[in-house]
Amino acid sequence: MRELTILGTASQVPTRHRNHNGYQLRWDDEVILFDPGEGTQRQMLQAGLAVTPLTRICITHFHGDHSLGLPGIIQRISLDKVPHPVRVHFPAGGQDYFDRLRHATSFYDIADLRPEPVSGGFRAETSGGTLTALPLRHSIETYGYRLAEADGRRMVPALLEAYGMSGPAVGELQRTGRSGTVTLDDVSAPRPGQKFAFVMDTGLCDNVFALAEGADLLVIESTFLAADAEMAAQVGHLTAGQAASVARQSGVRTLVLTHFSQRYADSTRFLDEARAEFDGDIVIAEDLMRVPVPPRLGSSHERAATARG
């Protein structure tokens with residue numbers, strides 16, 4: 001299963017209906033918690049999520065609305081005796097902040113945390129693909145994250161039937177790339193790997209586009225509306241229209257807007273401004289919402305073969 005659970009959607013100040021940030025991505029066996037702000041542990045309870053499946057925690061930067069929930073999550077990992085290592089990624093320049101949050105209060109510490117700070121060129125291989133991080137433009141050191149599955153190939157039933165391939169012969173094709181005179185390319189189609197991008201507090205910069213490029217699911221901050229674009233630029237944030245323009249230019253499939261300033265009571269305004277820039281799927285994030293990663297799109301080769309069958 002590949003699904004995003006949204007735990008909080010506020011920016012600096014939470015509201016009656018929006019908790020501070022928190023996002024859990026389940027990507028098959030990889031379960032990543034992004035930016036646990038204050039109250040994340042309780043939001044996970046409300047969403048029916050446990051800490052036990054967590055494999056990684058990714059912090060974009062050490063502003064409180066993105067990291068003050070980390071002590072509670074760490075202590076819960078220890079309390080629940082999570083049996084496997086949990087890797088924690090955060091900006092390398094924020095090591096002191098991480099150390100303070102890691103030991104913010106007294107607790108019986110048996111958590112197997114593996115700090116892996118990120119800096120330029122960070123890359124980690126995970127069970128779900130390659131996790132990379134790129135620096136963004138904000139008031140303090142900030143990184144965005146991208147999870148990219150490797151490209152592969154997918155068997156096309158119509159082509160298998162046309163070549164008379166079934167049973168053990170299919171297994172041989174998958175293992176060796178050939179069965180007799182039939183090659184894997186004869187009976188399969190390219191399967192582009194799926195991509196997820198997570199972009200928080202930032203002004204527009206090249207790395208925003210690099211992270212978002214071709215993403216099946218892009219989670220991106222849209223703190224401000226266009227009327228406050230000047231303020232957004234001054235403090236290193238995006239407007240809804242800018243975030244949607246990034247999605248359009250980067251070929252994103254589903255756009256999730258979040259991190260809303262408390263100054264706006266009507267979230268439909270974010271949708272209106274984003275829709276003017278992007279005609280794909282747009283989700284205005286709400287606390288405890290679940291957003292599935294879009295299903296794979298079949299290649300034109302596969303669709304044509306299926307139609308012929």
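Predicted model: local features only at pLDDT ≥ 70, side-chain atom pairs only at ≥ 80, totals over all residues.
Visitor: OK, what is the strand order in the open sheet of 7 strands?

Guide: The order is β7-β8-β9-β14-β15-β16-β17, with mixed pairing; strands (E, at least two residues) and helices (H or I, at least four) are DSSP runs numbered from the N terminus, and two strands pair if DSSP finds at least two bridges between them.

Visitor: Which strands stand at the edges?

Guide: Those are β7 (123-126) and β17 (281-284), and because each has a single partner strand, one side of each is left without a neighbour in the sheet. From one strand to the next, the twist averages 15 degrees.

Visitor: And β9, is that buried or exposed?

Guide: Strand β9 (residues 143-148) is mostly covered, with 6 of its 6 residues buried, where buried means under 20% relative accessible area, exposed over 50% and partly exposed in between (1.4 Å probe, protein chains only). Tyr143, Tyr145 and Leu147 are buried on one side, and Gly144, Arg146 and Ala148 are buried on the other.

Visitor: How many bridges join it to β8?

Guide: There are 6 bridges between β8 (residues 129-135) and β9, and the two strands run antiparallel. Across this pairing Thr130 stands opposite Ala148, and Ala133 stands opposite Tyr145.

Visitor: Why is Thr130 called buried?

Guide: Thr130 lies in strand β8 and is called buried because its relative accessible area is 16%.

Visitor: What does its side chain make a polar contact with?

Guide: The partner is the side chain of Glu125, at 2.9 Å; a polar contact is a pair of N or O atoms within 3.5 Å, where within protein one must be able to donate a hydrogen and the other to accept it, and residues adjacent in sequence count only if both atoms are side-chain atoms. Leaving aside neighbours within four places in sequence, Thr130 is in contact with residues including Arg123, Ala124 and Arg146, contact meaning heavy atoms within 4.5 Å.

Visitor: Switching to helices, why is α10 largely enclosed?

Guide: Helix α10 (residues 240-250) has 8 of its 11 residues buried, so it is largely enclosed by the rest of the structure. Its buried residues pack against α8 (206-212), β15 (217-221), β16 (254-258) and α11 (268-275). After α10 comes Gly251, whose phi is positive, near 70 degrees.

Visitor: Last one: at what angle do α1 and α3 pack?

Guide: Helix α1 (residues 40-47) and helix α3 (residues 70-79) pack at about 60 degrees, with their axes 8 Å apart; axes are lines fitted to C-alpha atoms, for helices over the stretch in contact, and angles run from 0 to 180 degrees between N-to-C directions. The two helices are therefore oblique to each other, since angles under 35 degrees count as roughly parallel, over 145 as roughly antiparallel, 65 to 115 as roughly perpendicular and the rest as oblique.

Visitor: Which residues meet there?

Guide: Thr40, Gln41 and Met44 in α1 meet Gly72, Ile73 and Arg76 in α3.

Note on methods. Residues numbered from 1 in each chain as written. Heavy atoms only, no water.
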